[in-house]
Amino acid sequence: MTTDPAADLAADARARDAADPLRDYPALFHRVDASDVVSYLDGNSLGRPTIAATEAISAAVAQWSGRLIRGWDEEWFDLPITIGDRLGRVVLGAAPGQTAIGDSTTVLLYKLARGALAMRPDRTEIVLDTDNFPTDRYVLEGIAAELGLDLRWITVDPASGVEAGAARESITERTALVVLSHVAYRSGFLADAEEITRAAHDAGALVLWDLCHSVGSVPIELDRWQADFAVGCTYKYLCGGPGSPAFGYVRAAHLDGFTQPIWGWMGRRDPFEMEAGYIPADGIRRMISGTPSVLGMIAMRSTLDLIDRAGIAVVRDKSARLTDYVIELARLLLPEARIASPLDPARRGGHVTLDHPRFREVLPRLWDRGVIPDFRAPQGLRLGPSPLSTTYAEVLTGIEVIADQL
Ligand SMILES: Cc1ncc(COP(=O)(O)O)c(C=O)c1O
């Protein structure tokens, strides 16, 4: 301890970094020397690129240039499934053959929800919550309008999320499908996915989990939870790059009868035979509609290598410590901001939202000073440190600048 509180905080942050089992990982990510960024706190929107991804993408371009169309036979055709299996093993708790990389999260959500609803033709309701990510709400509103189904909304406090008890009360014998986020995009609330899945199954309903904000930061056990379907994006904690394709999971037991609504040639049995009529491919390949984005899938493999090496339990532990640290610093340096996230790390994913009426106004000035959090209307500053690439010192710098600007 010194008489200088700022120096004490800096020393404390350095000590946390020195004791971090993942202390060598931030150096494996690009930090462009010329970049003005001093604190990147938006890893839950767009992860930083790994250095290995640059090499992997260059190698993919070389493969494209050398192999040209032969690349499809040699590797690319199978890539959505081979990377899907890898995701399954490293971050989803899913055995092979149930995960495919495909379209955007939005499109996969539509395909999976429609396919799921076709498995419960006598039921009339979809259960969802009022604070799920907008795309989830809009897609389900569209499907309800298209199929003449009812939406049953669970009303949640935006600073919290869907409790298992509230989900159980909302799911009835009319419910065909429950669609929820594992980690709430605004508050970071971590849902009890196993218990909610059980509640849905007890009522004969199916569940589709949106894993966008949990994959790569929170352990997921789709097979153990007996989840029916899941979807998630790969550009957040998986650092797949802007617009990298999403993944979709269909439980093996459902695959045989599963039909998704966009019947494209790439998901047909024997696509290169060009035959009349659509017959879905065997297994998870039927999730695919058109030609997948091969280049878009490359970068996430490098992140999976890092998570595989570190172990998702260690990643989660760092993530929980980082968000605890955010809360500790917010209490100290931003006492006028409200913490709009669960305080218990066991109930929280990888980010924290702070509310203050002047955050909207302050955001451009934070960007000018190289501090990049996320803003979520109406007044939330969302801080998402990425466990593999963010240091404690970076979190401290960010919160000090936020306090200064407020
Ligand atoms: C929870 C959640 N679901 C869905 C999406 C949207 O996915 P996409 O724009 O990739 O279709 C996001 C994007 O941030 C999200 O956070």
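Before sorting residues, I noted the classes: Ala, Val, Leu, Ile, Met, Phe, Trp, Tyr, Cys and Pro count as nonpolar, Asp, Glu, Lys and Arg as charged, and the others, Gly among them, as polar. I also noted that this is a predicted model, where local features need pLDDT of at least 70, side-chain atom pairs count only at pLDDT 80 or more, and totals for chains, interfaces and linings use all residues. Residues are numbered from 1 along each chain as its sequence is written, and side-chain values use heavy atoms, with hydrogens and water left out.

Entry 1, the shell. I listed the residues around the ligand (near means a heavy atom within 4 Å): Ser 104, Thr 105, Thr 106, Phe 133, Thr 135, Asp 136, Asp 210, Cys 212, His 213, Tyr 235 and Lys 236. I sorted this shell into three nonpolar, five polar and three charged residues.

I found ligand oxygen atoms 2.5 Å from the side chain of Thr 106, 3.0 Å from that of His 213 and 2.7 Å from that of Tyr 235. Next I looked up the cover: the protein hides 84% of the 400 Å² of accessible area (Shrake-Rupley method, 1.4 Å probe) that the ligand has on its own.

I then took Asp 12 with Phe 247: they are 235 residues apart in sequence and 39 Å apart in space, C-alpha to C-alpha.

Methods
Polar contact = N/O pair within 3.5 Å; in protein donor to acceptor, adjacent residues only side chain to side chain.
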